[in-house]
Amino acid sequence: MTFEITVLGMVQGIGFRPFVARMAEKLHITGSVRNSGGIVKIIATANPEAMDIFVHRLSSRPPSFAQIIKVTCVPLPDQAFDGFRIIESDADMRQTPLIPADLPMCEKCHAELTDPQNRRYRYPFISCTACGPRYSIIEGLPYDRETTTMADFPMCPVCTEEYTGSGRRRHAQTISCHDCGPQLILCAETDTYEKEAALTRAIDLLNEGTVLAIKGVGGYQFACLPTNEDAVKKLRLLKQRDKKPFAVMFADIETIRDACHVSADEQALLMSPARPIVLLDKTKEIFCDLVSGASRKLGAFLPYTPLHQLLTDACGPLIMTSGNISSQPIITQDKDMLSLSSPHLDGVLYNTREIRVPLDDSVARVTCGTVQSIRRSRGYVPLPVLLPSALSYPVLATGGDLKACFCLAAGDRAYLSQYLGDMEQYGVQQNYCDNLNHMEELFHIAPQKIVCDMHPVYHSTTIAEKIAKERNIPLVRVQHHHAHILSVMAEHNIPACIGVAFDGTGYGTDGTVWGGEFLLCQGKAVQRAGYLQPIALTGGDNIAQDASLNALCHLHACSLSSDDSHFETVGSAIRAHVNTSQSSSMGRLFDAVSALLDLKCYNSYEGECAIALENCAYEAQQQGVVPYPLPLGFVEKDGVFVIDRQPLIRELVRVRQHTDVRALALGFHHAVAAVTLEVCRAIRVNTNEKRVALSGGVFANELLLKQCISLLEKDGFSVCINSAVPCNDGGISLGQAYFAALSERQ
């Protein structure tokens with residue numbers, strides 16, 4: 001019997017065709033296998049028993065990283081084949097493909113890397129069908145060497161023999177070696193080193209306390225020793241990054257345990273194929289203070305390339321941070337890094353393989369028994385998030401301006417872009433548009449509707465309006481916090497819920513700034529059921545950075561006084577409505593409390609003041625400090641529940657001089673969690689809704705998140721949070737895309 005077998009799923013770039021060929025040969029099946037656009041097609045001739053086993057194993061025993069969605073078999077007239085072959089691919093794109101994310105070095109390649117008898121000993125770009133770069137180097141489909149940036153490196157005779165043979169590098173598109181693949185080059189000290197000399201000198205320089213730029217999979221990284229204070233100072237000057245903690249790469253799990261607590265779930269996340277940076281609780285400080293400052297967390301991750309492994313094996317832990325100047329896009333082009341003129345950069349270690357897609361390292365954590373994405377990029381992109389409701393036509397959701405991330409959705413798949421940065425930077429806008437064009441071409445998705453944020457001057461909104469006009473397709477606007485909650489509903493297939501969206505800034509339907517929202521969501525319909533009482537904030541965009549200014553606005557709203565020299569000016573500006581907006585932002589309340597308690601008065605990076613407040617509260621909790629009870633209640637106005645912040649601010653100001661600041665910080669967290677429960681209870685009384693979705697950047701606060709979940713669940717609520725996408729603005733494009741899917745259903 002002869003069948004044409006079609007395999008749909010994650011079946012390209014993970015060694016699926018060699019797997020099929022090996023299995024066919026063992027079962028004495030003849031025929032062929034090829035990539036066809038984004039799927040795999042097999043022609044197979046065998047007796048019925050062998051065919052049954054073959055088809056069953058295609059879905060039940062696929063190779064690592066494969067994801068099989070569907071296997072279909074169509075009978076063909078009996079044919080005779082001479083053996084079983086992997087044949088040339090075709091470009092049929094009738095099925096939307098699944099494309100693999102970049103894969104970490106596998107154990108077998110790791111063993112070869114460290115084996116002096118192996119011909120790839122210490123080769124920094126060793127790979128096979130089970131590992132190596134994927135999405136970052138793909139130019140187009142089907143996934144073959146000629147459609148990747150490896151096309152610039154012709155295989156040597158030995159690699160060619162392996163490529164066409166029967167071993168684990170059979171049809172490994174990234175196959176290369178010391179003789180034919182990408183090679184290390186080091187430019188340092190006015191000298192140029194190559195291959196092993198480049199690696200050896202780079203290791204020496206790092207151990208001497210220098211700062212090097214190192215070309216990774218998705219872009220350049222800056223590296224130095226975390227134990228060398230002078231080197232870390234230079235790195236901060238180079239990146240123009242004063243205080244934000246750095247992530248550290250460790251050679252193995254055991255060395256991470258020297259600095260951090262690592263649970264079983266956290267170990268699994270660290271060692272997962274994505275190899276993300278994982279936020280871990282520090283157990284002791286083994287690095288200089290400049291690495292992560294007063295933070296109780298350390299961003300730790302494991303090597304995911306052979307080069308990273310060689311460097312950390314030789315140097316020990318290394319700061320490995322994005323190769324960019326703060327707020328600018330990650331550098332991917334060799335010429336741009338080589339021309340970066342800075343006295344704080346001591347050398348560039350690179351290779352000439354082109355990076356097609358820029359990808360920062362992903363960031364994640366484990367909290368409340370759930371893996372949560374903080375920054376979704378390398379290792380996860382472009383794997384789709386599955387939508388509960390399939391779209392009948394493709395959609396582009398443009399996301400927001402902070403932590404920009406767009407989404408192309410087709411059928412039941414939502415393909416989110418990587419984290420791109422903040423759209424106020426022109427380079428980020430360029431990257432956004434370039435990657436949108438690349439993903440549209442790669443996935444053959446031509447959007448027929450666009451969904452964007454309601455903010456009238458977001459760059460992402462402007463891009464959406466421009467594309468909609470050029471292509472003459474409909475444009476739909478979704479309120480920012482509604483999109484946050486819809487992202488949770490999409491992940492967990494929730495038809496309705498009470499959505500609690502706490503963040504810094506979001507454009508409200510009334511034209512004011514929202515950010516402390518309780519939304520009743522039913523399908524695509526939404527009702528603002530509660531919110532934090534708005535106050536007037538002055539200072540424009542600066543209010544998000546200047547927590548002391550924020551605190552003065554809160555004092556003015558509460559009719560309190562201050563001896564701050566700027567207080568009268570702030571009051572005059574508010575009374576005259578100069579550069580002033582009404583804001584219900586919970587994020588700004590956290591900033592104000594941090595400043596009023598004199599913990600942190602300025603956000604040199606996003607969330608710094610709120611993190612200081614959380615750290616203080618966490619210290620109180622760990623040391624058994626009794627939380628000070630702060631009043632934070634609500635009133636009902638026209639069927640809507642409004643949280644009154646003024647009694648809390650007044651009480652905090654009254655007692656702050658003679659009360660343990662830790663007790664006040666912890667009391668504030670308890671007050672916010674308690675009022676969250678009380679408002680949800682009040683909404684439940686009116687609606688009988690028992691499901692709650694928590695989202696928004698404020699819920700990056702782990703202490704608050706845990707308290708809210710604990711209180712809500714004890715009271716009978718079912719609570720869902722973001723996992724696959726960030727709770728911050730990096731996840732709202734998923735919510736926007738889901739709004740389009742729900743609109744079709746209704």
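Here is a friendly conversation about the predicted model shown above.

Visitor: Let's start with the whole chain. How many helices and strands does its secondary structure come to, and what is its radius of gyration?
Guide: The chain comes to 21 helices and 31 strands. The globule rule gives 27 Å for 746 residues, and the chain is close to that value, so it is as compact as a globular protein of that length. Its radius of gyration is 27 Å.

Visitor: What box do the C-alpha atoms fill, and what percentage of the residues is buried?
Guide: Taken along the principal axes, the C-alpha atoms fill a box of roughly 90 × 65 × 50 Å. Burial here means a relative accessible area under 20%. Among the 746 residues in the chain, the buried share is 60%.

Visitor: Which part of the contacts joins residues 24 or more positions apart?
Guide: Here we take the contacts in the chain with a separation of 6 or more. Of these, residues 24 or more positions apart account for 71%.

Visitor: What is the accessible surface of the chain, and how far apart are the mean positions of its positive and negative charges?
Guide: The accessible surface comes to about 28,500 Å², and 50% of that belongs to carbon and sulfur atoms. The chain has 67 positive and 81 negative charges. Their mean positions are apart by 3 Å.

Visitor: In which sense do strand 8 and strand 14 pair, and what is the bridge partner of I214?
Guide: Strands of a sheet pair through backbone hydrogen bonds, either parallel or antiparallel. Strand 8 covers residues 212–215 and strand 14 covers residues 347–350; they pair in the parallel sense over 3 bridges. In strand 14, the bridge partner of I214 is L349.

Visitor: How do strand 8 and strand 9 run, and which residue in their hairpin takes a positive phi?
Guide: Strand 8 and strand 9 run antiparallel and are joined by 4 bridges. One of the pairs is L212 with its bridge partner A223 in strand 9. The hairpin has 4 residues between the strands, and a positive phi near 155° is taken there by G219.

Visitor: Is strand 9 buried or exposed, and which of its residues point the other way from Y220, F222 and C224?
Guide: In strand 9, residues 220–224, the count of buried residues is 5 of the 5, so the strand is largely enclosed by the rest of the structure. In a regular strand the side chains alternate between the two faces of the sheet. Y220, F222 and C224 point one way, and all are buried, as are the residues that point the other way, Q221 and A223.

Visitor: How many bridges pair strand 9 with strand 13, and what is the bridge partner of C224?
Guide: Strand 13 spans residues 318–322, and its pairing with strand 9 is in the antiparallel sense over 4 bridges. In strand 13, the bridge partner of C224 is I319.

Visitor: What is the order of the open sheet of 6 strands, and which strands stand at the edges?
Guide: This sheet has the order 17-20-19-18-21-22, with mixed pairing. Each edge strand has a single partner strand, so one side of each is left without a neighbour in the sheet. The edges are strand 17 (385–386) and strand 22 (475–478).

Visitor: Inside that sheet, what is the bridge partner of V395?
Guide: Strand 18 (residues 395–397) and strand 19 (residues 407–410) run antiparallel, joined by 3 bridges. In strand 19, the bridge partner of V395 is A409.

Visitor: E189 has a positive phi; what is its relative accessible area?
Guide: Most residues other than glycine have a negative phi, and most peptide bonds are trans. E189 is not a glycine, yet its phi is about 55°. E189 is found in the loop between strand 6 (185–188) and strand 7. E189 is partly exposed, and its relative accessible area is 37%.

Visitor: Is N472 buried or exposed?
Guide: N472 lies in the loop between helix 12 (459–471) and strand 22, and its phi is positive, near 55°. Its relative accessible area is 70%, and the cut-off is over 50%. N472 is therefore exposed.

Notes: Residues numbered from 1 in each chain as written. Predicted model: local features only at pLDDT ≥ 70, side-chain atom pairs only at ≥ 80, totals over all residues. Heavy atoms only, no water. Helix = DSSP H or I, 4+ residues; strand = E, 2+ residues; numbered from the N terminus. Rg over C-alpha atoms; globule rule 2.2 N^0.38 Å. Buried < 20%, exposed > 50% of the residue type's maximum accessible area, 1.4 Å probe, protein only. Contact = heavy atoms within 4.5 Å. Areas by Shrake-Rupley, 256 points an atom, 1.4 Å probe, with all protein chains shown as cover. Lys, Arg positive; Asp, Glu negative; His and termini not counted. Charge placed at Lys NZ, Arg CZ, Asp CG, Glu CD. Pairing = 2+ DSSP bridges.
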